[in-house]
Amino acid sequence: MKFRNSYILTITLLFCWMLSPVKTSAINGDYLLLDSGNAAYNKADYTKAISFYQHFLNGNIESAQAYYNLGNCYFRTNEIGKAILYYEKAEKLTPGEPDVQYNLQLANQKITDKVTSDAPIFIYSDWKKMEDKFTEKQWALICIGLLCLGLLLFGIYLSASGMLIRQLSFWSGCIIIIFSLFTLYLAHQQYELLNSHDTAIVMASTVTVTGAPDEKATQLFVIHEGTKVSIVKTEGEWTEVKLSNGNQGWLISSDISEI
């Protein structure tokens, strides 16, 4: 029941988001900052461009373009941790975008830690590619389209007189409804990813991970700027993190920034 309610909540929120009104005057004003940032970036004035992009994002607007451009600015100024952070933020909004993925890969080549995942890479990578073909809104629209088509086929099944047409429309409708449920699941997955804050990037140049939330605790291993970690839990000023290779421990929360 909890799982079913989660889906109902997700699709309801997706509908509300698609139908929500846009405050065009405020957005137009904010996007002047984005244009100014782009102009500064084109002049190679990266410090000024960063200032414009940050002011734009401080207006509570999430923009893949702003995140991507900000990542490029930090990459050009050799602030690799921040570059990776904003490339990751851009990828959350535009999963599968080739330019974002390419620049993120370039940035990751510059970090010290080369953490190898303990998960079966080929299975995970194929599944992730399929999920990332569309955003949560696009998957939701595909789901609605398939659902409408499936209901239309069931309508043909109920109204047709020929046995062959009835059988074809019935089984085709069943298959399409199943596909629509699958795309609903993918929309739910993308929605959860977009709204999750359970991953972070290390911002400090060097961080010592300990076995407990205490500076005097046993030192387990060291990680460096730009490393991506999963957030397990937070206690006060300490956060427990986990690497993709399974290593886990505690570090000071201010040493990381959530994606």
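Which are the buried residues of α8?

**View 1. Helix α8 and its buried residues in the predicted model.** Helix α8 covers residues 136–159 and contains 24 residues. From its first C-alpha to its last, the helix reaches 35 Å, which is close to the 34 Å expected at 1.5 Å a residue. Glu136, Trp139, Ala140, Cys143, Gly150 and Leu153 are the buried residues of α8. An α-helix has 3.6 residues a turn, so residues three or four places apart point the same way.

View 2. Gly150 counts as buried because its relative accessibility is 0%, and buried means under 20%. When neighbours within four places in sequence are left aside, the contacts of Gly150 are with Gly173, Ile176 and Ile177. The view also takes in Ile178, which is 28 residues from Gly150 along the chain. The C-alpha atoms of Gly150 and Ile178 are separated by 9.2 Å.

**View 3. The largest cavity and its lining.** A search of the whole structure finds one cavity of 30 Å³ or more. The volume of the largest cavity is about 40 Å³. Its lining consists of Lys92, Pro95, Thr135, Glu136, Gln190, Leu193 and Leu194. By class, three of these lining residues are nonpolar, two are polar and two are charged. Helix α9, which spans residues 163–195, gives the most to the lining, with three residues. Glu136, one of the lining residues, is also among the buried residues of helix α8.

**View 4. Asn69 in helix α4.** Helix α4 spans residues 64–76 and includes Asn69. With a relative accessibility of 12%, Asn69 falls under the 20% limit and therefore counts as buried. Apart from neighbours within four places in sequence, Asn69 is in contact with Asn38 and Tyr53.

**View 5. Confidence of the prediction and the stretch at residues 22–26.** The protein has a mean pLDDT of 86, and 85% of its residues reach 70 or more. Over residues 22–26, however, the pLDDT is below 50. Beyond near neighbours in sequence, this stretch has one contact in the model.

Methods: Residues are numbered from 1 along each chain as its sequence is written. This is a predicted model: local features need pLDDT of at least 70, side-chain atom pairs count only at pLDDT 80 or more; totals for chains, interfaces and linings use all residues. Side-chain values use heavy atoms; hydrogens and water are left out. On a 1 Å grid over the protein atoms alone, a cavity is a set of points where a 1.4 Å probe fits but cannot get out, and a pocket is an open set with protein on both sides within 12 Å along at least five of seven lines; lining residues have an atom within 4 Å of a point. Grid points are joined across faces, edges and corners, and a volume is the space filled by probe spheres set on the points. Helices (H or I, at least four residues) and strands (E, at least two) are DSSP runs, numbered from the N terminus. Ala, Val, Leu, Ile, Met, Phe, Trp, Tyr, Cys and Pro count as nonpolar, Asp, Glu, Lys and Arg as charged, and the others, Gly among them, as polar. pLDDT is the predictor's confidence in each residue, from 0 to 100. Contact means heavy atoms within 4.5 Å. The expected span of a helix is 1.5 Å times one less than its number of residues. Buried means under 20% relative accessible area, exposed over 50%, partly exposed in between (1.4 Å probe, protein chains only).
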